[in-house]
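Thanks for coming. I will go through one model, starting with how its chains meet and ending with a single residue.

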There are 2 protein chains.
Amino acid sequence: MLTRVAYLGPKGTYAEQAAKALAELEKLDSPVFSPCKGLRSVVDNLANNLCEAAVVPIENSVEGGVTTTLDSLWRHENLFIHRALVLPIKHSLMSSGSISKISEVLSHPQAIAQCSQWLNDNIPNAVHLPTNSTAEAIRMVRGSLFRAAIGSKDASEDLNILAYPINDIEGNCTRFVLLSKNNIKVDGNKASMAFSLKSNSPGALLKALNCIANLGLNMSRIESRPSKRELGEYVFFIDLDLNNNNKKDFENITKELSPLCNQIINFGCYFGSEVD
Amino acid sequence: MLTRVAYLGPKGTYAEQAAKALAELEKLDSPVFSPCKGLRSVVDNLANNLCEAAVVPIENSVEGGVTTTLDSLWRHENLFIHRALVLPIKHSLMSSGSISKISEVLSHPQAIAQCSQWLNDNIPNAVHLPTNSTAEAIRMVRGSLFRAAIGSKDASEDLNILAYPINDIEGNCTRFVLLSKNNIKVDGNKASMAFSLKSNSPGALLKALNCIANLGLNMSRIESRPSKRELGEYVFFIDLDLNNNNKKDFENITKELSPLCNQIINFGCYFGSEVD
């Protein structure tokens, strides 16, 4: 049976690289990769059964949580994380021209942000033009002698690589996850969940975090997102470290937290790995 | 004496509105408003003494924390928050043409995101083009019959207002703060600080939060940002509610937290207000 895997297109983005690597790690049956327009539609396609799996970025080591992904996950209750993968992000500057002529640099705003110091030091007078993806930027600079794109070297095709790598921080990497609607996994070294608190009183979060700690579970990450109803009301996304000793405790977490929470989403447990 | 106030330009952005309102509330002496290119340079200008005050957005009720602001604040140690202001964000769709002809919608990516449902429902076939600011979008659509911009109605000048308000969430608002290098304030109903933990072990954050709670201080917000050194290492930004009973406790917070932290920045206490 074919497994349709949605990811943020167009082809040539880092998300496509991640989708292919995750499909292989998860040993998906005959994967067919389907590029989507916008992160929100990647998640919606899975929720609406237009595909069997979806790959989305969750967190970048420089830019932080990918807010569109987190907000999209919060809008659905039956999506589970099956695997996570940390992908190194190494940007290159590509053009049909040479670096001395470049007056415009095009890329996704996050990619431009990740190279801002390099751009400032090396081509300070170039104007920065935002695009919807790194792949779109590459497409738009083709044939121009004064425009350059920031993106993955692997997607350069006939463009010249003017400089590589150009990210300001060497260890720049993004964590991607493979989502599916299949039943929650019961094995892994990580678990993720999201919750909103019943009481918006300041001590409520601390109560929830202490409840998790009392279960013997270690929190490796917390990220707050606005509830979008009013300023000061949040949804919390947390990651937990699992091991053989606390896996059973994780099964109790929803029950223990529910008196404190309005809504809890358990994304399940899963294995995480890294690409060198 | 003139007070130079830096803000994210160009003229006509929501940031300019906020800068003017905050200068008035803070009774700044002869304010001169100076638009900057990029949020990072707004903060850097203040740090480098190119202005006496700076106004930056900290948090939006829909999009969450303004990460560029938070990251810029973490890079400087001597900047203090003097006042906060919550500004309602009401987007309008503006064009030289009429709505039936619009095939391209231009705006800052956050503004486009905040209206995505409305755009989808009303002009589903229009392409979304990102710009560096809402004001830039307004400038770029002038004279075109098929292009529209999303931005503040107050900045429309000769454009037609095709629809208003068009944000998907009615209560959309942004919290701006006025920063200065002057000595830390000792009065207010809010306090903000940021810290990185000595130990990156999972229980370390909980220890810090319990330490704050034990001082009798209520946390109204927590936001994590990547340390940018490695994935899984964070800087935490917190807001505290102050009242007459716990103001003295706030003075002890740096001392109490310092055994747990690598670095602590105290942005001081200040008053917050809202624009109706």
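In this model, 39 residues of chain B are in contact with 39 residues of chain A, contact meaning heavy atoms within 4.5 Å. Before going on, some conventions: this is a predicted model, in which local features need pLDDT of at least 70 and side-chain atom pairs count only at pLDDT 80 or more, while totals for chains, interfaces and linings use all residues. Residues are numbered from 1 along each chain as its sequence is written, chains are lettered from A and ligands numbered from 1 in the order in which they are written, and side-chain values use heavy atoms, with hydrogens and water left out.

Back to the interface. Chain B and chain A bury about 3100 Å² between them, 55% of it on carbon and sulfur atoms; buried area is the accessible area (1.4 Å probe) that two parts lose on being put together, summed over both. Which elements of chain B each supply at least two residues of the side that touches chain A? They are β3 (53-60), α5 (116-122), β8 (127-130), β11 (173-180), α7 (204-214), β13 (218-226) and β14 (234-241). The largest share, nine residues, comes from β13(B). Helices (H or I, at least four residues) and strands (E, at least two) are DSSP runs, numbered from the N terminus.

How are the two chains related?

Now one residue, D239(B), in strand β14 of chain B. Is D239(B) buried or exposed? At 5% relative accessibility, D239(B) counts as buried, the term for under 20% relative accessible area, with exposed over 50% and partly exposed in between (1.4 Å probe, protein chains only). Leaving out residues up to four places away in sequence, D239(B) touches R175(B), A191(B), S192(B), N218(B), M219(B), S220(B), R221(B) and Y270(B). With S192(B) there is a polar contact, side chain to side chain, at 2.8 Å. A polar contact is a pair of N or O atoms within 3.5 Å; within protein, one must be able to donate a hydrogen and the other to accept it, and residues adjacent in sequence count only if both atoms are side-chain atoms.
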